[in-house]
Amino acid sequence: MPTHITATKLGAHIGARIDGVRLGGDLDADTVDVVRRALLQHKVIFFRGQDHLDDESQYAFAELLGAPTTPHPTVTSHGTKTLAIDSTYGKANSWHSDVTFVDRIPKASILRAVTLPEYGGNTTWASQVAAYDSLPQPLRALVDNLWAVHTNTYDYSATAADAVRDENSAAYRREFQSTRYETEHPVVRVHPETGERTLLLGHFVKSFVGLSTKESHALFTLLQDRVTKLENTVRWQWQLGDVAIWDNRATQHYAVADWGDQHRRLERITLAGDVPVSVHGEPSRVIAGDASHYSPLDKPTLVAV
C-alpha cells in the first residue's frame, strides 16, 4: 500500500476506514487497485472528507471499479445515474443485500451522504463470509445444498408498515414492484474474486426450495441470526462527505431508523456483478423477470488479497 494511504481496521471480521485517498474519476491505477483490494479484504470500506463529490464525480469514480448498473431494475424515477436513498419514500431498516431478486446480483455499492439528520441514521453492515465460517459442520452440510427464492415482493427501503404510511411510500412501493422478479440462488455462493464461501440471504428471501413456509421461516431466522451476530458487524456513524463502499456479494446492511421525522438522503451507485455459483458449480436460476436492461454481466477473476 502506498505510504500516503492507510487502512484502519474497525472490526475483526469486517470494516476499515481508508485515509489518504481523494475519490474521483482521476484516480491513478495503483490507487484504484488499493481500493479494490481493501474492499475484498474488509468487505466494507469508509472514506471521510469526500465533500467534493457530486453525482457526476461519484459516477466517474464508480466506473474505475467496474461497470455501473442503471440505478435500479424497476425504480426509474429517482435518478438517472444514482439512486436516491431518501427517507421521504421509506426507510431501509431491514437486513438485506442489494437487488438479490435478480440473477446478476451487484458486486458492490457506493453510497454517498448528502443530507443527514442531526442524530441517528447510522448504517450497520454484517459479513456473510464470517457467518458461514462460524457455522458448525452440520449446518454447513445443510446450507451447502440449500437454495432460496428471492423476490422483490417487498421493498428493501420500506417495511410493510412504512410502505402504506403515506402516498410517497405507497407510490415508491408500487414502482418497486411494477415488474416481478424471482430468482433461485444458492444459499452458499463461492465468491468469484476471493474464492471464499459466503451466505446469500437477506430479506428478499421468500422461501427455501423444497421447504414449507413454516420450515423456511424457522430456518431463515436461524441463519439470519448467525449473519447479524454483533461480532460479525460494523456500525458507521455518518458525517457529510462520507462515502461507504461494500462488497454486496459478501455482506448485508441495515440503516438504523432512529432519526424520527428528520430528512435523510444518500446517493447510491451499484456495480455490475455476476451470476452466483453454488459450491457445486451450479449457477442461479431465473424464475421471473429479465434483468439484462438493468446490468451487464461482470466477468470477475480470482484476486490474491
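Trainee: Let's start with helix 7, residues 213-227. What span should its 15 residues have at 1.5 Å a residue, and how far apart are the end C-alpha atoms?
Mentor: They should span 21 Å, and the end C-alpha atoms of helix 7 are 21 Å apart, so the two agree. Bear in mind that this is a predicted model.

Trainee: Ok. Which residues in helix 7 are buried?
Mentor: S216, L219, F220, L223, Q224 and V227. They sit on the same side of helix 7, because they cover an arc of only 130° around the axis.

Trainee: And which ones are exposed on the other side of helix 7?
Mentor: That's where you find K214 and H217, both exposed.

Trainee: Strand 11 is in a sheet, I guess. What's the strand order there?
Mentor: The order is 11-7-8-16, an open sheet of 4 strands with antiparallel pairing. Its edge strands are strand 11 (205-208) and strand 16 (285-288), each of which pairs on one side only. From one strand to the next, the twist averages 25°.

Trainee: How many bridges are there between strand 8 and strand 16?
Mentor: Strand 8, residues 182-186, pairs with strand 16 over 3 bridges, in the antiparallel sense. As for a residue pair, T183 has V286 in strand 16 as its bridge partner.

Trainee: Switching to helix 1. How far does it reach from its first C-alpha to its last?
Mentor: Helix 1 covers residues 29-42, 14 residues in total, and reaches 20 Å, close to the 20 Å expected.

Trainee: What's going on at the start of helix 1, with D28?
Mentor: One of the side-chain oxygens of D28 comes within 3.1 Å of the backbone nitrogen of D30 there. Just after the helix, K43 has a positive phi of about 75°.

Trainee: Which residues of helix 1 are buried?
Mentor: T31, V32, V34, V35, A38, L39, L40 and H42. Their cover includes strand 1 (6-9), strand 2 (16-19), strand 3 (44-47), helix 2 (55-65), strand 5 and strand 13 (243-247).

Trainee: Last one, H96. Where is it?
Mentor: H96 is in the loop between strand 4 (83-86) and strand 5 (108-115).

Trainee: What lies 2.7 Å from a polar atom of the H96 side chain?
Mentor: The backbone oxygen of S94.

Methods: Residues are numbered from 1 along each chain as its sequence is written. This is a predicted model: local features need pLDDT of at least 70, side-chain atom pairs count only at pLDDT 80 or more; totals for chains, interfaces and linings use all residues. Side-chain values use heavy atoms; hydrogens and water are left out. Helices (H or I, at least four residues) and strands (E, at least two) are DSSP runs, numbered from the N terminus. A polar contact is a pair of N or O atoms within 3.5 Å; within protein, one must be able to donate a hydrogen and the other to accept it, and residues adjacent in sequence count only if both atoms are side-chain atoms. Two strands pair if DSSP finds at least two bridges between them. Axes are lines fitted to C-alpha atoms, for helices over the stretch in contact, and angles run from 0 to 180 degrees between N-to-C directions. The expected span of a helix is 1.5 Å times one less than its number of residues. Buried means under 20% relative accessible area, exposed over 50%, partly exposed in between (1.4 Å probe, protein chains only). Contact means heavy atoms within 4.5 Å. The arc is that of the directions from the helix axis to the C-beta atoms.
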